[in-house]
Amino acid sequence: MPDRARPRVIALANQKGGVGKTTTAINLATVLATDHKVLLLDLDPQGNASTGLGVERAGRGAGTYALLVDGTPLVELLVPTPVPNLRLVPADSDLAGAEVELVAMRDREHRLRLALAADPPLAGSFDFILLDCPPSLGLLTLNALVAAHGVLVPLQTEFFALEGVSQITQTIERVKRALNPGLALEGILLTMYDRRNNLSELVAQDVRGFFKDKVLDTVIPRNIRLTEAPSHGLPVSLYDARSPGAQAYAALGAEVLRRQKRT
Ligand code: ADP
Ligand code: MG
């Protein structure tokens with residue numbers, strides 16, 4: 001683990017919904033938590049990362065809204081998950097209003113970065129902080145991109161995969177220029193790959209031709225276990241460790257750690 005940047009903050013972002021951001025946030029966080037201390041912040045008002053880790057809507061107290069808008073200290077917002085080394089700040093019910101409320105606030109794009117910087121010993125006690133973004137490029141996602149060291153962009157392996165991807169890559173470039181020069185494109189992750197469908201391979205080749213080595217070697221297959229696990233409030237490795245989905249996310253965790261050492 002490089003001590004240069006501890007914690008390493010990674011945002012899962014893509015303005016398209018249903019591409020695997022939340023599934024990747026939950027399962028990558030879980031795999032990294034095998035050997036590291038990890039924090040997951042649920043920045044999507046849908047709260048799927050919270051539910052998927054067993055933190056039901058009804059049982060949620062304050063969360064990322066309180067962190068961003070009210071300035072509640074991080075230490076008051078951490079909740080445990082079924083994974084020993086993984087803590088969560090859930091999406092609270094007010095989070096849907098945050099996009100609108102943040103507009104009028106001071107430091108509106110920087111509030112998450114400042115919130116994490118407000119308690120260096122606590123933030124620094126985590127090796128990784130993962131940020132699960134909503135499917136939009138509004139202020140919640142901007143806050144994530146400003147607070148992050150790297151962005152991981154999940155891309156569904158389907159015919160129109162490259163369509164719309166320039167929106168997120170251009171946003172990353174703009175944030176780099178204006179707000180967070182250190183931001184890196186951590187990688188493009190191909191998700192929901194269907195090996196029985198030739199189209200998946202063609203799309204994967206197309207995406208690799210375009211983004212070259214920015215595309216991670218690990219590809220996440222389409223796997224029903226990944227869809228079932230969240231309804232049990234579990235990451236896939238605790239639901240069915242031998243499933244292709246669990247194995248793929250284990251490989252992704254190893255690749256992310258490998259790439260980390262190289263940079
Ligand atoms: P996002 O957060 O980008 O909106 P999700 O991670 O919530 O996307 O995924 C959208 C839907 O697709 C969810 O129902 C999820 O369970 C399912 N899903 C995600 N990844 C896979 C996969 N590799 N195989 C099968 N289903 C998946
Ligand atoms: Mg999501």
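These questions and answers walk through a predicted model, from its ligand shell to its sheet and loops.

Student: Which residues come nearest to ligand 1?
Tutor: The shell around ligand 1 holds 17 residues.

Student: Which element gives the most to the shell around ligand 1?
Tutor: α1 (21–32), β7 (184–193) and α10 (224–228) each supply at least two residues. One of these gives three residues, the most of any. That element is α1.

Student: How far does α1 reach from its first C-alpha to its last?
Tutor: α1 has 12 residues. At 1.5 Å a residue, the expected reach is 16 Å. The reach in the model is close to that, at 16 Å.

Student: Is α1 largely enclosed or exposed?
Tutor: Buried here requires 20 or more other C-beta atoms within 10 Å. Lys21, Thr22 and Thr23 are buried, and so are other α1 residues, including Leu28 and Leu32. The count is 12 of the 12 residues, so α1 is largely enclosed.

Student: Which residues does UniProt list for "domain: AAA", and how far apart are the end C-alpha atoms?
Tutor: The UniProt entry is unreviewed, and it lists residues 8–184 for this domain. In the model that span is 36% helix and 16% strand. Its end C-alpha atoms lie apart by 12 Å.

Student: Which strands are the edge strands of the open sheet?
Tutor: Eight strands form the sheet, with mixed pairing. Their order is β3-β4-β2-β5-β1-β6-β7-β8. An edge strand pairs on one side only, and that describes β3 (79–80) and β8 (215–221).

Student: Over how many bridges do β2 and β5 pair?
Tutor: β2 covers residues 38–42 and β5 covers residues 128–132. Valine 38 stands opposite phenylalanine 128. Leucine 39 stands opposite isoleucine 129. The two strands pair in the parallel sense, and the number of bridges is five.

Student: Which residue in β4 does leucine 41 stand opposite?
Tutor: β2 also pairs with β4, residues 86–89. The sense is parallel, over four bridges. Opposite leucine 41 stands valine 89.

Student: Why is β2 largely enclosed by the rest of the structure?
Tutor: Both faces of β2 are covered. Val38, Leu40 and Asp42 are buried on one side, Leu39 and Leu41 on the other. β2 is largely enclosed because its buried residues number five of the five.

Student: What is the phi of aspartate 107, and is the residue buried or exposed?
Tutor: Aspartate 107 is in the loop between α4 (98–103) and α5 (111–117). Its phi is positive, about 55°, although aspartate 107 is not a glycine. Aspartate 107 has 12, so it is exposed.

Student: Where is lysine 212, and how many other C-beta atoms lie within 10 Å?
Tutor: Lysine 212 is in the loop between α9 (198–211) and β8. Its phi is positive, about 50°, although lysine 212 is not a glycine. Lysine 212 is exposed, and the number of other C-beta atoms within 10 Å is 9.

Methods. Residues numbered from 1 in each chain as written. Chains lettered and ligands numbered in written order. Predicted model: local features only at pLDDT ≥ 70, side-chain atom pairs only at ≥ 80, totals over all residues. Near = placed C-beta within 6 Å. UniProt positions renumbered as here; feature names shortened; annotations may be inferred. Expected span 1.5 Å × (residues − 1). Pairing = 2+ DSSP bridges.
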